[in-house]
Every structure is written in C-alpha cells, then in structure tokens.
Amino acid sequence: MTRRLRDTGATTYEDGTGTFHPDERRLVAGRTLAGETIITVDACVIGSGAGGAPVAKELAEGGMRVAILEEGDWHEASTFTARPRDMTPRLYRDSAQVMTIGTPPIPLPLGKAVGGTTLINSGTCFRTPPHILRQWREDHGLTDLTTATMDPFFRRVEREVNVSQVPEHLAGASARLVLEGAKKLGLSGGHLFRNAKGCVGSGVCAFGCPTGAKQHTGITYVPRAWAAGATTYTGVQAQRIGHQGGRVTEVVAKTAAGGTLRVRCRHAIIAAGTLLTPALLEASGLGHASGQLGRNLSIHPASAARAVFDEDLDPWSGVPQSAYIDALQNEGIMFEGISGPPDQTAASTPRAGAEHRELMLKARRTASFGVMVHDTGRGTVKRQLGQTVIRYDLHPDDAARFQKGMATLAEVFFAAGAREVIVPLAGVPTLRNGDVTPLTGRPIQPKHVAAMAFHPLGTARAGADPTTSVVDPDLRVHGIEGIHVSDGSVVPSSLGVNPQITIMALATRLAYSLLNKPAPDHEPVPTAIA
Amino acid sequence: MRRTPGLAVLRPREASIFAAFCDAVVAPVPPLPAVRDTDAAFAFDTGLAAAPAANRAALRAALLALELAPLALGYSARLRRLDSAQRLTALDRIERGPLGDAVKGLRALAHLSYYGDPAVTRLLGYDPDAVVARATELRYLEHRW
C-alpha cells in the first residue's frame, strides 16, 4: 500500500490558511447555569486540554453524544494582548502561582481555559522516546505500547495539530546563536517541531498566540468535536464521579453561577491534569486501592541561562522555543529555547537591584536558552484543607544535572561570542571571559537551584498490576467500569521530552478503544518528525 | 499614559510597601521611570486578585513582615523608611532567613509588575501593540481563530 506523505517543513509551518471552523460553536457558559441542570450523554470528558480534547473529538466523530466540562473560559485570540504580565492572570490557573512545596519551591504554571495547558505551552512536539516505551513495557506491563502500535496514533495527532518544523528564519536570535555555539563544540541539536500553522514568530506562545497560529486543542480538537455534536460547558468544575454497582453513573459539577450540573453518562473520562485528577478520583472514592494515587509525580524541572552579546538580538522576536540541543539527552539533560518579552525575562532573571537593572537595560542584547532535567526525584499531590498541596524536593542528582547543563550551556554561549553569562544558581557570579570554573568549581545543592517546571506527570499512573498502578493499560481506573483517565497523570514515568504529543496520542488510542475501532491505518506519514 | 485603576485586593499601606520593595529590587534610574510613575503596584494587585486565597494571604502577610523585618535585624527604621540601597541590603539579609522564599517570590512578581508597565516595555524595545496589529490583520485575511 502506498502511504501518503505529510510534509512537515517550512511551507506546512507557515501556511495559515485553511483553518477549520464549525457551523456552530457549541459553548455553554457555566455562569448561565444556576440551579440544577441535568443532561444525559454517552461520554462526559472532564477537561479540554491535551488529554480531554482529542478523546472528546474522536468519540463525538465516532457517534457518541459528548459533553466536555471545562473549568476555565473560552478565550478569543482577538483578546490576546502580547503582554505576559497582563495575560497571566487571565489564562493561567491561579495567576501562575501554583508552586511545589519543597527544596526549592518550584512554580508549576498550568493553563485554565478551553485548550487547557496547550493554550499556554511552548508548542514543542516530541513522540514518546522508544526507550521510554520499552521501560513502560518492562516496568509497568504496558506491553501493547510499542513504537509500531503507537505510530498510527502519533500520525493522527500530528496531522490534527499540524506538527511541523520551525524554519530557520523564524527561530529567533537566541536559537541562531546557540546552534552556532553548539556546532562549534560538536554538540548535536536542531530546530524543534511544533504544533503551529501560519506562525510568524510573535514570540508570545505562552501568553496566548494572537495570530491563532499555535494549534492548541481549543482551536483544533474542540471545534471538530463541536462539528460532531459535542458541547463544551465552560466555567464548570467537576466535583465527583458518581458510581453504583461498579459502574459510572454520572459526573457532578459545580457551575460558575453556583448551580449544579449533573451529567449522566456511560463513560466518564477524567482529563483534569496531573495535579487535579487525583483529588477528583479521591473525592469520588476511586483509584486508591494501590496506594499510588497522587504519588510518582515527576515535573521536568527547568531553568534558563542568559547571555549578553555585543549585537542587538531583539530576543522577543521569533519563536521562543524553536531549537534544542540533545547531546546530553542520555544523561537526562535536554536543552530547549526559551525567550520572551521584557516582563517575562525580568521575572526569571536572577539578581536584584542595580545588577538586575543593568541586565534589563541590556535586554535587547541578551539571549536565553533553557536546561530541562529528566528528573530522578518524585513528589506527591494531595488535597488538604481544600487546597492542592504539591510536595516535591529536587533530587541531588538532578541538581548535579542542572550544574552540568548550565556549564555546558555557558560554554555554548561563549563559543557563540557571549560577553557574559548569567546562570540561575545561587552563589554563582556572572561568568565572563569564557570561564565557567565559578560554576563547576563548587558543589551545587538543590537549594541553590532556581527552577520552574511545566510537565507534571505520573500521579495516576498506568500499569497492568492493580497493586502498583491506578489505571490499567487501557487507562480504565482499576476496579470500576466506565471511568477512564486521559491526561499526564497516567504517564508512568518522566519522559525526558515535552509530553503533549504522548498525552494526545494516548487519548486518541483510548477513544479508539472505547469505540472498538482498530488503529487508524490511513494517516499520512510525516516526512520528518521528532 | 499610566492607567490608574483602583486597588482590588491590596490596602493602600500594603501597596505602598510593595512599591518600596519594588523600588529596591528594580532600582530604576533614568531613563527607567520611578516605580511610582508606573502601574507596577496596580498590576501586582491584579495578579493577587486572580491568585488563590492562600497565596493572597501569604503574600500580603509577607509584605507586612518585610516592612518590619529590618527592625528585627537591627536597622533603625522600617523597610519603607530606609533608602533604596539600605532596603536592598536589608532584603539580602532577610532572604537568608526564614522569609527567604517570600523575598524570592515577591521579587519575581515585582520584576514582572514593573517591567510589564507599557512605558518600560517600550523603552526596552518591545512593542506589543505592533505584534497585536499584525496578528489582527493575519486573522482577518486568513480567517483564523
């Protein structure tokens, strides 16, 4: 059989035409639902992000009546201002102040909107690495998850969200310099693949793409779900999953108007995210038999180094996360771009007072790039006194990875011509003259690291053994019929790469399983992929 | 032109403490405008209003604690009564104690709030309005979302 090809190059990345719009936006705002509202559907999907939207769309197109419950609001791209400070309270859960408790405290920004965290992520797309799939098969009994069996689902997802490679002219100056420096040092890397269509390098992917180029699930899967008859209820927070006789009966949610929405359903798919799904399961009396609910949290801690050059770079122009260096990936260290407008940069630049000010006055000449650690450490998520409490301590081995990663990145920047390099490690002065010994010459402890994290995973992990996992290989909650989980919480280990494609592919696979359909065999093959 | 909305969460005293803290960690000198000539305190207030109640309470308590902490360290005045350089030195000492995480968190928010002021942003060379104008045209011409 001759397979169709899907080009993943610059043309695909830059062509913004052909956007799908349904005849009707099937949106119901929770603030209009006072009192008690009861609806009956085949499938209730809780969450509209990477885990929820694909399964909702596939089930709706497969003929099911589907309701999507979303705690956040629908946001029009026309309301995005390209100002990080002002967009953060609107698009992020808790104004981006979700933090881990531990050493050190680590911000964990999450989206709260139609599209979930895909609305505010950097758009980087990687398939699940083969060695990770092998680890899942060996350690968690997920024997059906092979590169070959997952390939059809990856291809379908990548087509739906237009995964294609960032072209060089949109990659931005930071990426150009880092790749130049990496090449001089013999470090492998390249331009990232992203879910984008018609990107012009606005530089504010994490604050609402104003051009509608970033193909988050809210403008890809959700409209397709609407076209197939699904309805999205916004401003609605699921409170518990009702079940009786070992089977789901309904989802009960609170609306923004203070009312109650009861969704009677045959299937409940929980896609509330790694940090919130455990609490919903617990509140429903589900998923606790193994003792693993809320445990095994991995987060991919990450941080950025900054480097000052002699030339103007305009670091806020171009794709913020456009390039990578993977030379140390086997050591659990991945380098990916990060840049943005001055306020975003200021908040994450170390130093204070005059030193910080002088760095900011050089912002136009400052490049930045990130280090992401494939974490050894594990944390927990629990609901305590009405709050979600996230416990996570950076493992000493991960602090050592940060040290090595920052030292390597500093060398890359110097090779590219940087005058000075600033790293987010306490007690390390500004590096100059190509000298990284102030960084490498002392032990770095977890408390010295200033990091953020964007990929929480693992708190309702999948596995064949019900004594060590929360959901089974088909993502069904052990011990109950009709309740599945479809978000990062089921991913049983840290991935080492950005997780959205893994989550979307697992969600698509779940939907096909619920529909009793074989894996799609007609999806075009990408000409290149990560 | 600086906008002047009312404060949604902060009391005027708390906003004043934040402005003093912001002044210390930003240390603006011309051409950067003084903190009082920006909307930094109001932006911080807007962010607080969207934050969870526990964070809001903790950050407001932290502001009050920072105001008094210099006295506990042997300074002769509260934070707002110190000059900018003294404030920064005091905050550096405070950061090494039990309020360290609070100082770090507030510092990031202060930097975000100040450098997000429209005039400051333009001064540094970033024009968000141009980004939005181009985006509007593209969305219209290509019938995007």
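Helix α2 (residues 52-61) of chain A is mostly covered, as nine of its ten residues are buried. Buried here means under 20% relative accessible area, while exposed means over 50% and partly exposed lies in between, with a 1.4 Å probe and protein chains only. Helices (H or I, at least four residues) and strands (E, at least two) are DSSP runs, numbered from the N terminus. This is a predicted model, in which local features need pLDDT of at least 70 and side-chain atom pairs count only at pLDDT 80 or more, while totals for chains, interfaces and linings use all residues; side-chain values use heavy atoms, without hydrogens and water. Residues are numbered from 1 along each chain as its sequence is written, and chains are lettered from A and ligands numbered from 1 in the order in which they are written.

The buried residues of α2(A) are Gly52(A), Ala53(A), Pro54(A), Val55(A), Ala56(A), Lys57(A), Glu58(A), Leu59(A) and Ala60(A). Their cover includes the strands β4 (43-46), β5 (66-70) and β13 (267-270) and the helices α5, α7 (221-227) and α13 of chain A. Just after α2(A), Gly63(A) has a positive phi of about 105 degrees.

**A buried loop residue in chain A**

Val490(A) sits in the loop between β23 (483-485) and α13 (500-514) of chain A. Is Val490(A) buried or exposed? Val490(A) is buried, with a relative accessible area of 2%. Contact means heavy atoms within 4.5 Å. Apart from neighbours within four places in sequence, Val490(A) is in contact with Ala460(A), Arg461(A), Ala462(A), Val471(A), Leu475(A), Val485(A) and Leu506(A). The C-alpha atoms of Val490(A) and Thr128(A) are separated by 14 Å, although the two residues are 362 residues apart along the chain.

**Backbone details**

Two cis peptide bonds can be described here, one from each chain. In chain A, Thr103(A) and Pro104(A) are joined by a cis bond with omega of about -10 degrees, and Pro104(A) lies in the loop between α3 (84-91) and α4. In chain B, the cis bond joins Pro30(B) and Pro31(B), with omega of about 15 degrees. Pro31(B) belongs to the loop between α1 (12-26) and α2 (40-50) of chain B.

**Empty space**

Rolling a probe the size of a water molecule over the atoms shows where empty space is left. On a 1 Å grid over the protein atoms alone, a cavity is a set of points where a 1.4 Å probe fits but cannot get out, and a pocket is an open set with protein on both sides within 12 Å along at least five of seven lines; lining residues have an atom within 4 Å of a point. Grid points are joined across faces, edges and corners, and a volume is the space filled by probe spheres set on the points.

The second largest pocket holds about 440 Å³ of space. Of the 28 residues that line this pocket, the closest to its centre are Phe126(A), Pro129(A), Pro130(A), Gln329(A) and Val497(A). The elements that give two or more residues to the lining are α4 (130-140), α5 (147-160) and β7 (189-191) of chain A. Which element gives the most to this lining? It is α4(A), with four residues.

The structure also holds nine cavities of 30 Å³ or more. The largest cavity has a volume of about 100 Å³. Its lining draws on both chains: Trp145(B) is part of it, and the chain A residues include Trp74(A), His75(A), Glu76(A), Phe80(A), Cys209(A) and His216(A).

**Chain B as a whole**

Chain B has seven helices and zero strands. Its C-alpha atoms fill a box of roughly 65 × 35 × 25 Å, taken along the principal axes. Of the 145 residues of chain B, 48% count as buried. Among the contacts in chain B with a separation of 6 or more, residues 24 or more positions apart account for 67%.
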